[in-house]
Structures are given as C-alpha cells and as structure tokens.
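Here is a short report for a reader new to this structure. Start with the view below, then read on.

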Amino acid sequence: MKNEMKLEFSAVSENEAFARVSVGAFAAQLDPNMDELTELKTVVSEAVTNAIIHGYHENPASTIIIMVQIDSDAIEISIKDNGAGIDNIDKAREPLFTTKPELERSGMGFTIMENFMDEVEITSEPGRGTTVYMKKKLARRRQSLFN
Ligand SMILES: Nc1ncnc2c1ncn2[C@@H]1O[C@H](COP(=O)(O)OP(=O)(O)OP(=O)(O)O)[C@@H](O)[C@H]1O
Ligand SMILES: [Mg+2]
C-alpha cells in the first residue's frame with residue numbers, strides 16, 4: 001500500500017531536528033533496521049541543512065517542503081526549496097566541493113546522500129530553487145519467514 005506525507009516548515013536550523021525525526025517516525029512504518037533509520041535521518045539532515053544554508057542563506061522567512069512516499073519496501077523522499085539554486089550540479093555533487101569553505105562546510109553532503117541512498121536526483125534552477133529526490137529500498141525483514 002502506498003502511503004505519503006508532506007511537511008512544510010520555516011527554513012531555520014531549529015527545524016533540522018524536527019525534519020529528521022518526522023521523516024524517521026513516518027519511515028518507522030516500514031520497520032527499518034537501525035542502520036537504515038540512521039541513514040534516512042542523516043540524508044534528511046544534509047538536504048535540509050543545504051536548503052537553509054545554501055538555498056536560502058539562512059533567511060528565516062523562507063520555507064522548505066518535504067514529501068515522503070513509502071511503499072511496501074521502499075521510501076522516496078523529496079526535499080525542495082525555492083532559493084538560490086545550483087549553477088553546476090555535477091560540480092556540486094563532487095566530494096569535497098563546497099561554495100562555503102568559510103563556514104567550515106566540508107563539501108560532503110551530496111556524497112553522503114549518494115552513499116546512503118540508492119538514487120539521488122538533483123533538479124535545480126539558478127534563482128528558482130532546488131529539489132533533491134532520493135529513493136531507498138529497505139531490507140525486508142518482516143517477510144523473511146513467509147515469502
Ligand atoms: N539547496 C541548495 N541550494 C543551493 N545550493 C546548494 C544546495 N544544496 C547544495 N548546494 C551547493 O552544492 C554544494 C555541495 O553541497 P554539499 O552538501 O555536498 O556540501 P556543503 O553543504 O558545501 O558541505 P557539507 O554538506 O559537508 O557541510 C554546496 O556548497 C552548495 O554550493
Ligand atoms: Mg551540505
């Protein structure tokens with residue numbers, strides 16, 4: 001059965017924890033193992049932090065939208081901002097690439113998302129915003145006895 005949810009919230013760093021815990025709670029219906037749950041929460045944190053810092057340059061008047069869809073064994077997450085956008089997506093995905101070295105960013109956010117998820121698609125338009133879509137298939141522990 002498909003099940004989906006949508007969250008819209010102010011782009012402030014206080015809401016990063018809210019976002020990761022909310023997505024984790026929704027994903028709990030899929031009975032993820034501890035590693036999977038940690039990975040899902042981490043990628044949400046990374047994408048939300050990117051939206052706040054890079055997309056909106058920490059303007060609290062702006063909003064982030066998260067949509068999550070779960071199926072029997074897979075989760076799809078999209079995280080959207082209407083902020084600055086990304087000029088060169090291929091470059092942005094490279095490990096250690098950051099446009100904010102002065103803030104001690106390490107340029108590893110997208111690399112972490114790629115390592116933890118099966119699919120990461122970035123769509124972005126300079127001046128209009130960015131959407132990060134991610135998908136992950138989870139281990140099917142519950143059905144192991146009967147399927
Ligand atoms: N939502 C976004 N809006 C605009 N630019 C973005 C967005 N997300 C990422 N970027 C751009 O892509 C670059 C790489 O992002 P990534 O998350 O990999 O590294 P970082 O955020 O710079 O550092 P870290 O995530 O390790 O703290 C960023 O430096 C920024 O230029
Ligand atoms: Mg980042």
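N3 lies in strand β1, residues 3-10. Strands (E, at least two residues) and helices (H or I, at least four) are DSSP runs, numbered from the N terminus. This is a predicted model, where local features need pLDDT of at least 70, side-chain atom pairs count only at pLDDT 80 or more, and totals for chains, interfaces and linings use all residues. Residues are numbered from 1 along each chain as its sequence is written, chains are lettered from A and ligands numbered from 1 in the order in which they are written, and side-chain values use heavy atoms, with hydrogens and water left out.

N3 is partly exposed, at a relative accessible area of 22%. Partly exposed falls between buried (under 20%) and exposed (over 50%), using a 1.4 Å probe and protein chains only. Leaving aside neighbours within four places in sequence, N3 is in contact (heavy atoms within 4.5 Å) with F26, Q29, V68, Q69 and I70. The C-alpha atoms of N3 and D71 are separated by 6.6 Å, though the two are 68 residues apart along the chain.

Now the ligand. 19 residues surround ligand 1 (each with a heavy atom within 4 Å of it), and the closest are H54, T98, T99, S106 and M108. α2 (34-55) and α4 (109-116) are the elements that give two or more residues to this shell. α2 gives the most, with five residues.

| Residue | Ligand 1 atom | Distance |
|---|---|---|
| E46 | oxygen | 3.4 Å |
| D81 | nitrogen | 2.9 Å |
| T98 | oxygen | 2.5 Å |

Technical notes
Polar contact = N/O pair within 3.5 Å; in protein donor to acceptor, adjacent residues only side chain to side chain.
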